[in-house]
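Please look over the chain below before reading on. The paragraphs that follow go through a sheet, the helices beside it and a pocket.

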Amino acid sequence: MTVRELIRQSEAMLDETNKDCNVAKVLFYHLANKEPHQLYLMMDEEVDEKLYDAFQEGMKRYMAGEPIQYIKGKETFFSRDFIVNENVLIPRYETEELVENILYKIDDYFDDYNSIDLCDVGTGSGAIAISLALEEPKLKVTATDISEEALEVARLNARELSAQVDFYQGDMLKPLIERNIKVDIFVSNPPYIPNEQEIENVVKDNEPHVALFGGNDGLYFYRKIFSQVHEVIKERALLAFEMGFDQRELMSEAVEHYFPNVPYEIIKDINGKDRMLFIYYNLK
């Protein structure tokens, strides 16, 4: 069987079952260790038996409901490949926008700083912490997660990408408070899906629930952070969060309760949805 025939056969199967047809090409060029553009140069080549078997096994896993990112074992985030598995949330494009906006804010508020202390709470794969550490040399980055299994993935990603990040295991802000760590920039992408909200089966059945669900209204972890964060931020600080696109009203109420008279901003993503919260603590 040629590459073209295998891809077409698999795309037809995916189409018949209303699954993403692009998965066939993505899986094949991953297993063949080729760039996407190189795939088209090998369409008429016969598929190696070992590669064929690995491809069919991957397709079987995908058809059974496993995310293609876990099958590949990695996902691209901010132009870098991050190792992912069932112990970490798969990095999303909207989180790239959070990283991008934080970098803009650093230029706005910390341009005259020689060194900037930043923490990422609930780091998961380490995508946010590592990307920021690599993009902005002035940052001294600390990251925490309650899951030791997630931190193993994050540490591996930091080593693979040559990023300097200090990782600590513990519940939310506890590792920072215990070590008396104070930061200029506090970042978190906590779980924000309400417990009863319906989500795609491929997400619910595969990704860690501890990284997805945030209480009855989705804001449980935000309120927990807001109530304690004063212990870990400096007198002048930026707080940055990802949030659910439909949580503007609830989020505004929570921020105004815990940070009275402190300016904040809810920023829309590229699709016009409310996705990012920035709190400007004593920033002028």
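In what sense do β8 and β9 pair, and over how many bridges? β8 and β9 pair in the antiparallel sense, over five bridges; two strands count as paired if DSSP finds at least two bridges between them. Strands (E, at least two residues) and helices (H or I, at least four) are DSSP runs, numbered from the N terminus. The model is a predicted one, in which local features need pLDDT of at least 70 and side-chain atom pairs count only at pLDDT 80 or more, while totals for chains, interfaces and linings use all residues. Residues are numbered from 1 along each chain as its sequence is written, and side-chain values use heavy atoms, with hydrogens and water left out.

β8 and β9 make a hairpin with five residues between them. In its turn, Gly 272 has a positive phi of about 80°. Ile 267 has Met 276 in β9 as its bridge partner. Met 276 also stands opposite Glu 242. Strand β7 (residues 233-242) is joined to β9 (residues 274-281) by six bridges, and the two run antiparallel.

These strands belong to an open sheet of seven, in the order β5-β4-β3-β6-β7-β9-β8, with mixed pairing. At the edges are β5 (165-169) and β8 (264-268), each pairing on one side only. From one strand to the next the twist averages 20°; angles run from 0 to 180 degrees between N-to-C directions, and axes are lines fitted to C-alpha atoms, for helices over the stretch in contact.

Helix α6 (residues 93-109) packs on the sheet and touches β3, β4, β6, β7, β8 and β9, where contact means heavy atoms within 4.5 Å. The direction of α6 makes about 25° with that of β9. Helix α7 (residues 127-135) lies across β3, β4, β5 and β6, and runs at about 175° to β4.

The two helices also pack on each other: α6 and α7 make an angle of about 35°, with their axes 10 Å apart. From α6, Thr 95, Leu 98, Val 99, Ile 102 and Leu 103 meet Ile 128, Ser 131, Leu 132 and Glu 135 of α7. By class, the residues of this contact are six nonpolar, two polar and one charged; Ala, Val, Leu, Ile, Met, Phe, Trp, Tyr, Cys and Pro count as nonpolar, Asp, Glu, Lys and Arg as charged, and the others, Gly among them, as polar.

Last comes a pocket (on a 1 Å grid over the protein atoms alone, an open set of points where a 1.4 Å probe fits, with protein on both sides within 12 Å along at least five of seven lines; lining residues have an atom within 4 Å of a point). The lining of the second largest pocket includes Tyr 29, His 30, Lys 74 and Asp 81. Helix α2 gives the largest share of that lining, three residues. The lining has three nonpolar, three polar and five charged residues.
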